[in-house]
Amino acid sequence: MDYERALEASLQRLHDEGRYRTFIDIERRKGQFPHAVWTRPDGTQKDITVWCGNDYLGMGQHPDVLAAMHEALDATGAGSGGTRNISGTTVYHKRLEAELADLHGKEAALVFTSAYIANDATLSTLRTIFPGLIIYSDALNHASMIEGVRRGGGEKRIFRHNDVAHLRELLSRDDPQAPKLIAFESVYSMDGDFGPIAEICDLAAEFSALTYIDEVHAVGMYGPRGAGVAERDGQMHRIDIINGTLAKAYGVFGGYIAASAKMVDAVRSYAPGFIFTTSLPPTVAAGAAASVRFLKGQGGQALREQHQTQARILKARLKAMGLPIIDHGSHIVPVHVGDPVHCKLISDMLLERHGIYVQPINFPTVPRGTERLRFTPSPVHGPKDIDRLVKAMDELWSHCALNRAEAVA
């Protein structure tokens, strides 16, 4: 086989389809987020505003977080030195897990190197813990959940997105005695819609199924203490396993699950993705714990309210221009483009002409024909930032619409 030619052909296909992923070099500046500096391929630099980041509340710049990380760095050094089982568990990891268990009202929590790994490792391991487990998975679940369900082997059922009637139909077909688990999300990040938590919990109770919720895009953001949508809706106690991240609203790095002490102990004891991975650096664990702690309090609630206000303002202004906003009431602001080439074109022009960075979202992250720009406003995006974005989108949307019309003609 000509391996070089195969590599070239596979990459060319992405270019031809307009969905080759470009990574731009940016440097976040302490105390200035969402403003950053973009270094072009030729080495020149441009000031930009980041509009697609997952540091939803700007906690990656928060003084409490930075102080905690400095303290841990000075006390322990850079790395953890091993896996959690072999010298890699520190007081900082234990404090973080205690904060997370308290956040979700669970007996225990377990920290992983990312929420992707937490989903993959946990879901794939549950089949070992519960032989014959049938997993019912929402059709739009994140890739990490899909991979965990797939790697675990065994029976799975895919129910139509947020379709509780279809889920009921699938549950009713299976052996009542078989162990079951329903896996879903609280906020689906590409459309920004919410999962029907209460209705799914009702079905789980009726059919004796466990519940597994991914709150990655909700922890820190919703609920009186930032525990997520399940907390906001009064359903957290009905969820058996909660997955979350420390890398979005908490502004640091890592992922976790929170559950009963026995459930956490079983996953800790059986999941290869946990057992054989070097643990988070103590500095990261310390910063994450400080962020979780802050966002539980009144300061966190104020940030959450500011964030929701910013999202509402941006949605209203883009809607007023006639742009096709996908609005399900969450903090995520997707603008439907529907074509990968034009999605990339608008993204490139926003960056080069206006210093606005928003990454195009193309297949396979979203289905073909649903390509979009996904904006993530935050409390640290000021009125001038929003004005600049709205004016730029008004100009470029009209420009690209004219180009599309000419291309069709």
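Guide: We shall take strands, a helix and salt bridges in turn.

Guide: This is a predicted model, in which local features need pLDDT of at least 70 and side-chain atom pairs count only at pLDDT 80 or more, while totals for chains, interfaces and linings use all residues. Residues are numbered from 1 along each chain as its sequence is written, and side-chain values use heavy atoms, with hydrogens and water left out.

Visitor: Which way do strands E1 and E2 run, and how many bridges join them?

Guide: Helices (H or I, at least four residues) and strands (E, at least two) are DSSP runs numbered from the N terminus, and two strands pair if DSSP finds at least two bridges between them. Here E1 (residues 25–28) and E2 (residues 35–39) run antiparallel and are joined by four bridges, with Arg28 opposite Ala36. Six residues lie between these strands in their hairpin, where Gly31 takes a positive phi near 80°.

Visitor: How many bridges pair E2 with E3?

Guide: Five bridges pair E2 with E3 (residues 45–50), again in the antiparallel sense, and Trp38 stands opposite Lys46. The hairpin of E2 and E3 has five residues between the strands, and Gly43 in its turn has a positive phi of about 95°.

Visitor: How should I read the span of helix H12?

Guide: The expected span of a helix is 1.5 Å times one less than its number of residues. Helix H12 (residues 298–320), with 23 residues, reaches 33 Å from its first C-alpha to its last, close to the 33 Å expected. After H12 comes Gly322, with a positive phi near 85°.

Visitor: Are Arg84 and Glu97, which meet in a salt bridge, buried or exposed?

Guide: A salt bridge is a side-chain nitrogen of Lys or Arg within 4 Å of a carboxyl oxygen of Asp or Glu, and buried means under 20% relative accessible area, exposed over 50% and partly exposed in between (1.4 Å probe, protein chains only). The Arg84 and Glu97 side chains meet at 2.8 Å, N to O; Arg84 is buried at 12%, as is Glu97 at 7%.

Visitor: Which parts does the salt bridge of Glu99 and Lys296 tie together?

Guide: The closest N and O atoms of Glu99 and Lys296 are 2.7 Å apart. Because Glu99 lies in helix H3 and Lys296 in helix H11 (residues 282–296), the pair ties together parts that are 197 residues apart in sequence. Glu99 is buried at 15%, and Lys296 is buried at 13%. A network of salt bridges links Glu99, Asp102, Arg225, Arg293 and Lys296.
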